[in-house]
Amino acid sequence: MLLWLLLLLLPPLFLLVLLFLLLLLPPLAMLGQRSQDAGLSWLASLQHCVAWRVLSWAATWQQQRLEHNTLHVGQSQQQALIWCLQRAQSPLCPPTGRTGTDMSIFRNHLPLTKVSQAQEEENGGQLLPPTSNQYHGEASLQATLLGLVALNKAYPEVLAPGGTARVTPTSPWPSPLPWPGHILDQVSPPGTKDPGALLLEALRSPGLKALEAGTAVELLDVFLALEADGEELAEAIAAGTSGVPLPGRAAELREALEQGPRGLALRLWPKLQVVVTLDAGGQAEAVAALGALWCQGLAFFSPAYAASGGVVGLNLWPEQPQGLYLLPPGPPFIELLPVEEGAQEEAPSTLLLAEAQRDKEYELVLTDHVRLARCRLGDVVQVVGAYNQCPIVRFVYRLGQALSVRGEVTGENVFSEALGQAVGQWPGAKLLDHICVESSILDSSEGSAPHYEVFVELRGLRNLSEENRDKLDHCLQEASPRYKSLRFRGSVGPARVHLVGKGAFRALRTTLAACPSSSFPPEMPRVLRHRHLAQFLQRRVVS
């Protein structure tokens with residue numbers, strides 16, 4: 001499907017040549033695969049050159065469309081809304097005319113709702129199955145094509161033959177192209193879903209320049225698995241389980257692992273330059289842990305900001321250390337809901353993209369043709385600039401990950417900042433992950449004031465002293481005046497910190513991924529609302 005969409009976007013005179021290449025290149029791919037261990041043949045190099053030229057032409061066409069759409073954002077959003085409504089199969093669909101749909105009529109027909117609420121209403125109380133990582137729509141194609149071109153411009157060698165490997169079953173590119181995309185990724189076995197096989201193939205290739213993973217959290221689990229199964233992987237490489245025996249490479253792997261996690265990626269792949277992962281909620285902590293330990297010295301690039309309804313942001317700036325995303329006019333149809341500090345009741349009216357103001361924070365509201373509802377995603381972004389008439393944003397926090405035991409609201413960003421400051425005062429400690437639980441969930445506030453239960457996984461620290469545990473509560477009081485006031489009055493008890501064993505959060509993510517309501521991209525929760533999940537971590541506490 002994506003291939004034919006790509007064909008439609010290319011100049012007509014090029015179609016005959018492209019069709020000829022489509023017939024010619026599969027045999028060349030097989031020839032290149034046979035000669036991979038001995039070095040890429042000139043045929044494989046030609047295949048790569050032609051594929052990259054086709055992709056560049058398609059990206060140029062998409063860049064022109066993006067320029068036009070962002071210069072005429074009002075018209076483009078109106079067209080995106082009509083596109084969603086005409087393809088929706090719902091009795092709630094407001095009428096559309098030749099000149100479009102009036103926004104007031106649209107808003108009256110479809111009041112704001114939350115994603116989980118919309119899912120339950122659609123399915124009679126039953127949660128939806130996991131959303132596929134195959135996105136549709138122009139934004140998805142633009143994120144992939146323009147992201148590849150931007151990546152190649154910032155890091156010219158990473159997309160050379162044999163320069164990139166994907167180490168997770170999911171891809172960071174929202175619209176993985178069947179052709180020519182697979183030609184640009186020579187290392188990862190096509191169609192492989194086994195994470196172990198993907199990692200093994202990457203380890204056999206010391207010349208990698210880029211690593212791809214679905215999300216940063218998934219990549220963190222890859223490195224944790226590498227440490228846990230390092231000897232088994234070394235034996236497989238030495239024995240040639242997936243190819244020619246490479247005893248020398250197996251020895252390099254063992255030596256790299258013996259030196260610990262810090263800088264491991266660059267010891268395994270000395271030419272590595274960048275890590276490509278998809279941004280999603282709860283990824284910042286994993287990125288920080290990877291950057292401080294295994295991927296120290298490497299750049300990170302997220303080609304898109306994705307949600308369960310589709311791609312909502314394009315990243316055209318790989319060289320920026322913090323992900324910046326252009327919100328395109330759609331589809332899907334995007335609205336912005338102003339977030340006022342301390343406002344928890346009546347939500348103000350939504351804004352269109354052209355009405356966004358710099359430095360203001362907004363919650364994203366999404367409407368697509370699959371789930372015809374104006375869904376409040378709970379993701380809060382801040383406007384940091386503009387691309388023509390469309391806002392450029394950065395992700396800030398998720399509204400659904402706040403803590404409250406006495407009416408206070410400790411947001412995800414506030415708590416994460418306080419925890420980061422506390423961990424910085426724990427000698428030698430590096431934070432890998434954390435999750436919070438309100439004490440009522442675990443019935444742990446009997447005889448004491450309600451409080452936060454905090455579970456952390458660390459590197460460099462095996463036990464937590466009472467002095468270190470207390471530092472988190474002090475940092476929380478400094479970060480939140482409301483929390484400090486409640487602590488002073490004794491209405492809220494001190495936060496209790498628990499250290500969990502190695503692999504506890506990896507096991508939790510496996511459990512979460514098996515849930516029927518798991519989303520793509522997989523979001524890492526920071527607050528658990530279900531007792532059985534909180535008890536899952538509680539059983540793995542070591543200090």
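A salt bridge, for this tour, is a side-chain nitrogen of Lys or Arg within 4 Å of a carboxyl oxygen of Asp or Glu. Keep that in mind as you click around this predicted model.

**Stop 1: a network of charges**

Select D221, E285, D433, R509 and R526 together: salt bridges link them in a network. Side chains of opposite charge can pair when their charged atoms come close. Now zoom in on one pair, R509 and D221, whose side chains meet at 2.5 Å, N to O. Which helices do they sit in? R509 belongs to helix α18, while D221 belongs to helix α9 (residues 216-228). The two are 288 residues apart, so this pair links distant parts of the chain. Are R509 and D221 buried or exposed? Both are buried.

**Stop 2**

Strands of a sheet pair through backbone hydrogen bonds, either parallel or antiparallel. For a parallel example, pick β14 (residues 452-459) with β15, which are joined over four bridges.

**Stop 3**

How many salt bridges does the structure hold? There are 16, so let's visit another couple.

First select E363 and R376, where the closest N and O atoms are 2.8 Å apart. E363 is in strand β10 (residues 361-367) and R376 is in strand β11 (residues 374-387), so the pair ties together parts 13 residues apart in sequence. E363 counts as buried because its relative accessibility is 3%, under the 20% cut-off. R376, at 23%, is partly exposed.

Then jump to R531 and D443, a salt bridge with its closest N and O atoms 3.1 Å apart. R531 is in helix α19 (residues 531-538), and D443 is in the loop between α15 (439-442) and β14, 88 residues away. R531 is partly exposed at 40%, and D443 is partly exposed at 42%.

**Last stop: cysteines**

Finish with C49, partly exposed at 42% relative accessible area, and C390, buried at 1%. The count of disulfides in the model is zero.

Methods: Residues are numbered from 1 along each chain as its sequence is written. This is a predicted model: local features need pLDDT of at least 70, side-chain atom pairs count only at pLDDT 80 or more; totals for chains, interfaces and linings use all residues. Side-chain values use heavy atoms; hydrogens and water are left out. A disulfide is a pair of cysteine sulfur atoms within 2.5 Å. Buried means under 20% relative accessible area, exposed over 50%, partly exposed in between (1.4 Å probe, protein chains only). Two strands pair if DSSP finds at least two bridges between them.
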